[in-house]
Structures are given as structure tokens and as C-alpha cells.
Amino acid sequence: MPVRVNEVRVRRFAEYFAEIGQVSPFDFCSAGEGTLFPVRGCAGVIDYFFFVTAHQFGFWHLDGGRYGGPMIAPVDGVPRKGSDFIVACATRAWNRDPLFFAREELARAGEEGWAGIFRDDAGVNPLPMWPEHREIIQRYAAWLRAAPRPPAELVAAANAAPEPLKAFLDEAGKVPGYAEDPMRKKLQLLAIILENRPEHFLRVTDPWNHRPIIDYHLQRSALRTGLVDVDDARVLADLEARRLVSADTEQDIRSAVYHAVARLVEQSGMSVAAIDYFFFMNRTRCPEMREPDCPSCPVREFCARRTKLFQPVFRTEAY
Ligand code: SF4
């Protein structure tokens, strides 16, 4: 295999996580985040997250076969990057009508209303993969129209099952926008959102059914920290040059990172959500477009500091 888990480094990171104790996972609410997410205890929040989490992908530009930079566009006067842009746009729609993402309202909005969700302040839809987003909305709206159980009922049924998380993953894993990725990144993310929101919509009593959530930040972190090693010089050159990689290369890297994080969870005793949040926050110290800030990084002593490495540049609807 050109990419493999570095067991020694995984063990050292697991010791670090075990030493610092349980890190609180993010609650995906408004506290400390301005108005990015819907506030606590309001109508339509489960529908909102079912809709918006399916669109957490593709918010970066490709330029001449290389990574060209993150997508940044203003929403309500604030420049929003990538994932934050998606969330801010959906929250704007939710603020106007908390039931916008519910079955009847979403159907009523139709193609024109759906196209308006992701417009920036200039009235432009800047999403680099908008055709893919539109197609997911069409299939999701059709599923929602016909679904015997809309999202809130699906979550309630899962909560009544012996293993609520497993029941949720089984059912929500059939929904368009979530069903396509064998590694279930958006689905696992939706589960930790619904579990960790202040309302605790999803009552998880079977945490052993959580799986790693592998997005591009985590792949970049795992490559730089040395949680995984790449043995192929050509692949390393592509990653350093931020060139488009093949589907096989992306699969090799993502799969190795998945196994490394699974081991990290196992050995450290930390939850998937807490580890995911640690690496999500690490994106600010170890970012895409600036030099990593190694001197102020808590893992600097045992990180491989392969700072030139970048996540696989690859178009996918999975992350
Ligand atoms: S900032 Fe430096 S020390 Fe921290 S994870 Fe990135 S490369 Fe490693």
C-alpha cells in the first residue's frame, strides 16, 4: 500500500489525548459563534440539519488542475469560508422561515427557491459544485415528499430502538445526500450534530457505533502530523504541489486516515466527536493557505511536521 497508518505516531497521539482527558465536542449551536447556527430550542432545527449537512462538500476552487484556494463569499456582510458559507446561507433561510426545510415548505420553494438558498450578498451562487448540490436537493426533496417518516420522526424512531445510533445510521443512511459515501462522512457528522446539539435530539446509548468522520482537514492533519505515511514519491510530489489526484490515490489516503483515526479513538478512549473537533479546530493552526503555526501547536513535540503536505485534491460530494 502506498499509504499506511503509522502505529508509533498513532500511539503517541493517543497518549496525548488520554493525558488531556475528554475534550468537549462542539455543540453546533449559536453560543460563541455569532448567528452561524440556529439558536437552541426552536422549530425546524432537525429538518435544517438534515438538509444542510448533505451539502458539506466541494467548497474550494480548482485552478489549472491544482487547488486554487478555499471558496469565500459574503453573507449578511460577513465573509464566510467554505463550510461556514453553507451553514450561514441555510441559517439565513431558517431565520426567515424556521420551517423552510420541512417537507411542505421545501417542496413549495421549488427550483427557484432552492437556487436562492446559497446566494451571497451580491446575489451570486458561488458554490464551485452547484450542479451537484442542485441534484442532491432535487433527490432529497423527492425523498422528503414520499418519506413515511420525515426527519424528526426518523430520529424519534431511532431513539426508541435498542441501539439508537445504529438505527439512525441505518435509516438516515438511505437518504439522498447521505447514501452515496461508503465511509459515511456526512452521515456520521449529522449523527454527532444531532447528538451534541443542546437539545440532544439523538439520544445515543451505543457510542461504539460511531465511526471516524474523514474530511479534507483531517486528511491534511493526518498527513502533516505523520499519523499516516505516504511511501510513493509521485503521490508525495502531487500532494506537495496540490495537484489533482486520481480516485485510487484519494481512496488510499482517505482509507488510511480512517483507520488511523479509528485506532486513535480506540487507544485514547476519546469520543469520535471530540477527536473530530480537535482536528477541526487544528485547521486554524495548520491551515490551507498560510504556513502552519507549529510553535504554538499543542502536538508540536511529536508531530512529524510535514508542513508541505496537503490534502488530496479531489472533487467529491462526500466532503
Ligand atoms: S501546526 Fe505544525 S505541529 Fe501542529 S499539526 Fe500542523 S504541522 Fe504539526
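In the predicted model, helix α2 (residues 45–53) packs against helix α3 (residues 82–96) at an angle of about 145°, and the two axes are 10 Å apart. The crossing of α2 past α3 is right-handed. On the α2 side the contact is made by Tyr48, Phe51 and Val52, which meet Ile86, Val87, Ala90 and Trp94 of α3. By class, this contact consists of seven nonpolar residues, with no polar and no charged residues.

The contact of α6 with α7 divides into eight nonpolar residues, one polar residue and one charged residue.

Two strand hairpins were also examined. In one of them, strand β2 (residues 60–63) pairs with strand β3 (residues 66–70) in the antiparallel sense, over four bridges. Within this pairing, Leu62 stands opposite Tyr67 of β3. Two residues lie between β2 and β3 in the hairpin, and Gly64 in the turn has a positive phi of about 60°.

The hairpin of β4 and β5 has two residues between its strands, and Asp76 takes a positive phi near 50°. As a general point, side chains in a regular strand alternate between the two faces of the sheet.

At the level of the whole protein, the chain is divided into two domains: domain 1 covers 3–25 + 211–296, and domain 2 covers 45–209. The C-alpha centres of domain 1 and domain 2 are 24 Å apart. Between the domains, 17 residues of domain 1 are in contact with 13 residues of domain 2. On the side of domain 1 that touches domain 2, the elements giving two or more residues are α11 (247–268) and α12 (272–282). Helix α12 provides the largest share of that side, with three residues. By class, the residues of domain 1 on this side divide into nine nonpolar, one polar and seven charged.

The ligand has 15 residues around it, of which Cys286, Pro292, Cys294, Cys297 and Cys303 come nearest. Helix α9 (residues 216–225) supplies the largest share of the shell around the ligand, namely three residues. The shell is made up of six nonpolar, four polar and five charged residues.

Definitions and conventions:
Residues are numbered from 1 along each chain as its sequence is written. This is a predicted model: local features need pLDDT of at least 70, side-chain atom pairs count only at pLDDT 80 or more; totals for chains, interfaces and linings use all residues. Domain bounds come from an automatic or database domain assignment. Two residues are in contact if their C-beta atoms, placed from the backbone, lie within 7 Å. Ala, Val, Leu, Ile, Met, Phe, Trp, Tyr, Cys and Pro count as nonpolar, Asp, Glu, Lys and Arg as charged, and the others, Gly among them, as polar. A residue is near a molecule or strand if its C-beta atom, placed from the backbone, lies within 6 Å of it. Two strands pair if DSSP finds at least two bridges between them. Axes are lines fitted to C-alpha atoms, for helices over the stretch in contact, and angles run from 0 to 180 degrees between N-to-C directions. A crossing is left-handed if the near helix is turned anticlockwise from the far one by less than a right angle, and right-handed if clockwise.
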